[in-house]
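Subject: Structure for you, with notes

Dear colleague,

Here is the structure that I would like to hand over to you. Please open it alongside this message, as the notes refer to it throughout.

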Amino acid sequence: MDINEEEPNCNICFEPYDDDGHSPRTLRCGHTLCTPCIEMLVKKSLPDRVCPECRKSLKISNATHLPVSYTILRLSRALAKSKIGTEVQIQVLDNNTCMVHGAPTISWCPLSDKWHCFKCVHKDDCSNLLSIPEAFLHIKQNHSQAVESKLSQANDLSEALKKEKESLRKEVLAAEKRIAEIEERLGKVSEWTEELECDEAALVEAASMVRVTKSVVRLKRDIANFDAWVERSRPSVKNKRGMPTLSQPVSIEELRKQLHISQVMYAVHDDENYGRRWAKLWLDDDKLLMGTLHDVHPSGGSLIVPFEMIYGAVNKKRPRAFFDIECSDVYEGRIFFELYGMTPRVRQFLQLCTGEHGPSYKHSKLMEFEEDSHRFIRGGVVGDGIESEEPVVEGITNGGVYREKLEPGLLTGWKSDCNHWALFDIVLECKPGYEDDYSFGEVCSGLNLLKGVCEFSQNKKVIEVRVCGIVIDAA
C-alpha cells in the first residue's frame, strides 16, 4: 500500500480518514484510529484490548461508544482538496516570506518552531525540517489532538455535573415531600390542640357531677388518642445537621418503603476510637444492603438510621455478606456469602465487612494461589486495610462447628492461634475427600464470576474488593 505521510491516516491500516468506511474516532488516551480498526480491537480479549500507540487499556465494548473526531475529518477533507500545487498556492496566496532574507518560506523546523527559506536552510543545516504541507499537517494534528483532549475533558465534566444536578434534584424532591408531610402533621397538631382546649373548657365549665364525669371520660379518651397519634407520628426527628433520623425501631419492610421514598439512607455509628461514621444502605432487587462505614458526611436530605438498629436486624441463623470486586479498576460484579450461624468467626467476618471497629475488607486484595492441588482465593492480609494483628472478636476456636467438607465455594478461616486472624480463603477447586476445621460460610452467589475473573485477570491475578458490606434480611 502506498502510504502518504502528508495526509492524516489510520496508524493501523494506513488508510486515509473519510466519511464512509474509515471515519476517525478518538480513544480515551487521546490517539485516533479509524472505525474498522477500533472494531477489530474490541473483538480481542480484555488483556489484548489496548491502544497500539501507548498500550493503554481500551475500556469499551463497541467502536460507536467513542466520538467521531470531526476536526481530523475536516482536516482530511481539506488536504484532499489541496493536493495539487499545494506549495505554490500556499506561497502565492499567503505571501509567506522570510523575515531575514525576504525569500519565500519553504520549510518549518518543529524543534525551534521557525519558518525557513532556502538561505536559512543552507545556513542552519537543520535535518528536522518539514515541507510547508507537512508542517501544516503536523501543526494542525497536534493542536487538533489537544482540542480533542479538552473536548473529552469537557464532556466528562458535563456528565459529572449532570449527575450532581440529578442528585440535587432528587434531594429537592425528597425535601418537598418531607415538607408536605410536615405541613400535614402541623395541620393535625392544630386539630388536636383545638380538641383538647375544648375538652378543657368543658371540664372547667361543668357544674354538675354528671357533666364533670362525662367531661373527664371524654378528656381521658382524647388524651389517649392524642398519645397514640404522637407515637405513630414520631418515625423521624431532625439531627444537628438537619437530616431526618429514624428514632424508633422499624421492620425491614418499613425500611425498604422509607428507602423507596427518600432514595438515600445511611446508618450512623459512633465509636470512641473512630468517632462518628456512616454506612450507606441501598436496595439490590429484593435485598437490603449496608456498605462499609466511612467518615464522609452524607449530603443533606439523606435519611439517617441507627447502625445498631440495622445490624440487629441481620438474620441470625444464616447471616449474609457481599463483596463488589474489580480487576484493573474495572468493576466485575457482586459476590454474596451465606454464613453459618453467629459463631465468633462469623461475627468477626461481618464486622470486617462493615468496619464497625475500624479495619475492613474494603479496598483489600484477593489473590489466587494453589496448595496441595487445591485452588483458593485468599483475602484479609494484615497491612492491606487490616492494620492490627489483634482479632476483633474473642473466643475463636478450631474444629467443631467449623468442620466442613472441602468443596468449591467454601469460605474458610485460619487457625485460631495464628496472627493472621483476618485471613480467609474461598475454595475454587479441590480434591474430593478433604475436610476443613476453620469453615464458617460459603459463596451462595457469584462463584462462577470469581472463577472467570481469575482466569482473565492480569497483574498476577490480583483482584480488589471495591465495596463490601452485609445483607439485611431478618428471618
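The notes below go from the whole chain to particular elements and residues.

This is a predicted model, in which local features need a pLDDT of at least 70 and side-chain atom pairs count only at pLDDT 80 or more, while totals for chains, interfaces and linings use all residues. Residues are numbered from 1 along each chain as its sequence is written, and side-chain values use heavy atoms, with hydrogens and water left out.

Confidence and overall make-up

The average pLDDT (the predictor's confidence in each residue, from 0 to 100) is 79 for the protein, and 83% of the residues score at least 70. Over residues 1-5 the pLDDT falls below 50, and this stretch has seven contacts in the model beyond near neighbours in sequence, a contact being heavy atoms within 4.5 Å. Residues 235-243 also stay under 50, although the model gives them 25 contacts beyond four places in sequence. Where pLDDT is low, the predicted coordinates should not be read in detail.

The protein has 10 helices and 21 strands, these being DSSP runs numbered from the N terminus (H or I and at least four residues for helices, E and at least two for strands). Of its 475 residues, 39% count as buried, where buried means under 20% relative accessible area, exposed means over 50%, and partly exposed lies in between, with a 1.4 Å probe and protein chains only. Among contacts between residues at least 6 apart in sequence, 61% join residues at least 24 apart.

Strand β12 (residues 320-327) is largely enclosed by the rest of the structure, because eight of its eight residues are buried. In a regular strand the side chains alternate between the two faces of the sheet. In β12, Arg320, Phe322, Asp324 and Glu326 point one way and Ala321, Phe323, Ile325 and Cys327 the other way, all of them buried.

Two strands pair if DSSP finds at least two bridges between them. Strand β12 runs antiparallel to β13 (residues 330-339), to which eight bridges join it, and Glu326 stands opposite Tyr331 in that strand. These two strands, β12 and β13, form a hairpin with two residues between them, and Ser328 in the turn has a positive phi of about 55 degrees. Strand β12 is also joined by seven bridges to β21 (residues 462-472), again antiparallel, with Phe323 opposite Cys468.

A three-stranded sheet

Elsewhere, an open sheet has the order β4-β3-β5 with antiparallel pairing; its edge strands, β4 (114-116) and β5 (130-131), each pair on one side only. Strand β3 (residues 107-109) is joined to β5 by two bridges, and the bridge partner of Trp108 in β5 is Leu130.

Helix α9 is mostly covered, with 10 of its 11 residues buried, and Gly355, which follows α9, has a positive phi near 70 degrees.

The structure holds two cavities of 30 Å³ or more. A cavity is a set of points on a 1 Å grid over the protein atoms alone where a 1.4 Å probe fits but cannot get out, and lining residues have an atom within 4 Å of a point. Grid points are joined across faces, edges and corners, and a volume is the space filled by probe spheres set on the points.

The largest cavity has a volume of about 70 Å³, and its lining includes Arg345, Gln348, Phe349, Trp421 and Phe440. Helix α9 (residues 344-354) gives the most to this lining, with three residues. The lining residues divide into seven nonpolar, two polar and one charged, where Ala, Val, Leu, Ile, Met, Phe, Trp, Tyr, Cys and Pro count as nonpolar, Asp, Glu, Lys and Arg as charged, and the others, Gly among them, as polar.

Single residues

Leu406, in the loop between β16 (404-405) and β17 (410-412), is buried, with a relative accessible area of 8%. Leaving aside neighbours within four places in sequence, Leu406 is in contact with His374, Val427, Cys430, Tyr434, Glu435 and Asp436.

Most residues other than glycine have a negative phi. Phe14, in the segment before β1 (24-26), has a positive phi near 65 degrees and is partly exposed at 37% relative accessible area. His363, in the loop between α9 and β14 (365-371), has a positive phi near 70 degrees and counts as partly exposed at 44% relative accessibility.

With best wishes

Definitions and conventions: 1 Å grid on protein atoms, 1.4 Å probe; cavity = no way out; pocket = protein on both sides within 12 Å on 5 of 7 lines; lining within 4 Å.
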